[in-house]
Amino acid sequence: MQSIVVLAGGVGGAKFVGGLVGELARRHPDASDRPAVKVIVNTGDDMWLTGLRVCPDLDSIMYALAGVNDAERGWGRAGESSRVSGELAAYGVGWPWFTLGDLDLGTHIARTALLRDGLTLTEATARLGARWHAGAGLPATLLPMSDDPVETHVRVTIDGDDALLHFEEWWVRLRAGIPAREFVQVGVESARPTPEVLAAVAAADLVLLAPSNPVVSIGTILGVPGMREALAAAPAPIVGVSPIIAGAAVRGMADSCLAAIGVETSALGVAGHYGARSTGGVLDAWLVAEEDAAAVPQVHALGIRSAAVPLWMRDAATSTALAGAALDAAGRQ
Ligand code: GDP
Ligand code: CA
């Protein structure tokens, strides 16, 4: 095996990719025969904020792989301060409920500078990743799903009126407390997967769907025109990992996203939503939690191979074990 592609959102994706990189280093101590990992990352949460291009999911994964993420808080950089945000708030600029730390702002300024110099988001992402680990770079290549801007907006009703909010406003400010009526991927019609993404999928020996939000992370990636076709044609097996354990989103509010699109919050519900590749979907295999072992035969009945394994990623050990289970599931193909 030479090349592994992962589709991922932010925090769930970061934990899974971190585990995968750790497991591959364990299985292949010699770096020269270690499979390369390429992560196709959701950019639907991206936005312009205080004049800067902010890419939450790319940054969650970059910080985690660089070892500088705030694991306790679950997002952003460890050891952050917020002096600049304090100034922005005093000027009344930006979103006061979406604090950007000082170190984090350094990332957004650097990205925006690179984009204004004419780099694509893919090129800018590579430049940002190159500085970590004393210039050795990240242990995985991060590929934005598209270089074309796509922004997930959420249709809600506020005081009887129809409103379309940026996903982060609904998610972070409103804590998904108002029911979503619809998710709209603004700009998606004219977006395309990048050449790097298409080449990675075509050349992969294994494609993994991280246990990321099925609607606004993986769903957004799959919504880019051409992406489903690329996966359908991929020679590699496609193995997904359930983000739902025992009928609940592990952390966060993925259930409110699933409810909005009429999908049951269960490992089986998400498997059915992704569908078997043999019937026009994207999955060849689906890992469910041990708590959901009863769903294994039902997933099989959908035409998707399935196994029940420990799905909680509590620390490095449980994350690498889950990645190992995903590698083994592919091996049983
Ligand atoms: P976001 O972009 O930061 O929201 O992160 P993702 O979309 O990558 O992942 C969010 C999802 O990860 C949540 O909906 C959870 O269901 C899932 N998740 C978080 N922690 C775990 C875990 O330990 N195990 C599993 N299986 N899923 C998890
Ligand atoms: Ca996200």
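Me: By class, how many nonpolar, polar and charged residues are in the shell around ligand 1?
Reply: Happy to start there, with a note that this is a predicted model, where local features need pLDDT of at least 70, side-chain atom pairs count only at pLDDT 80 or more, and totals for chains, interfaces and linings use all residues. Ala, Val, Leu, Ile, Met, Phe, Trp, Tyr, Cys and Pro count as nonpolar, Asp, Glu, Lys and Arg as charged, and the others, Gly among them, as polar. On that basis the shell around ligand 1 holds ten nonpolar, eight polar and three charged residues.

Me: Which residues are the closest to ligand 1?
Reply: A residue is near a molecule if one of its heavy atoms lies within 4 Å of it. In total 21 residues surround ligand 1, and the closest are Ser212, Ser217, Pro243, Leu311 and Met313.

Me: Which helix gives the largest share of the shell around ligand 1?
Reply: Helices here are DSSP runs of H or I with at least four residues, strands are runs of E with at least two, and both are numbered from the N terminus. Four residues of the shell come from one helix, the largest share, and that is helix H1 (residues 11-27).

Me: How far from an oxygen atom of ligand 1 is a backbone N or O atom of Pro243?
Reply: A polar contact is a pair of N or O atoms within 3.5 Å. Oxygen atoms of ligand 1 also lie 2.8 Å from a polar backbone atom of Gly10 and 2.7 Å from a backbone N or O atom of Met313. For Pro243, the distance is 2.6 Å.

Me: How much of the area that ligand 1 exposes alone does the protein bury?
Reply: Accessible areas come from the Shrake-Rupley method with a 1.4 Å probe. Taken alone, ligand 1 exposes 590 Å², and the share buried by the protein is 91%.

Me: Is His133 buried, exposed or partly exposed?
Reply: Buried means under 20% relative accessible area, exposed over 50%, and partly exposed in between, with a 1.4 Å probe and protein chains only. His133 is in the loop between helix H5 (121-130) and strand E5 (141-144), and its phi is near 50°, a positive value in a residue other than glycine. Its relative accessibility is 42%, so His133 counts as partly exposed.

Me: What is the relative accessible area of Asp159?
Reply: Asp159 sits in the loop between strand E6 (151-158) and strand E7 (161-166). Although not a glycine, Asp159 has a positive phi of about 50°. Asp159 is exposed because its relative accessible area is 77%.

Me: How far apart in space are Ile40 and Glu196, C-alpha to C-alpha?
Reply: Ile40 belongs to strand E2 (residues 36-41) and is buried, with a relative accessible area of 0%. In sequence, Ile40 and Glu196 are 156 residues apart, while in space their C-alpha separation is 9.5 Å.

Me: What distance separates the C-alpha atoms of Arg251 and Gly12?
Reply: Arg251 lies in the loop between strand E12 (248-249) and helix H10 (254-260), and is exposed at a relative accessible area of 62%. Residues are numbered from 1 along each chain as its sequence is written, chains are lettered from A and ligands numbered from 1 in the order in which they are written, and side-chain values use heavy atoms, with hydrogens and water left out. Arg251 and Gly12 are 239 residues apart along the chain, and their C-alpha atoms are separated by 9.1 Å.

How values were computed: A polar contact is a pair of N or O atoms within 3.5 Å; within protein, one must be able to donate a hydrogen and the other to accept it, and residues adjacent in sequence count only if both atoms are side-chain atoms.
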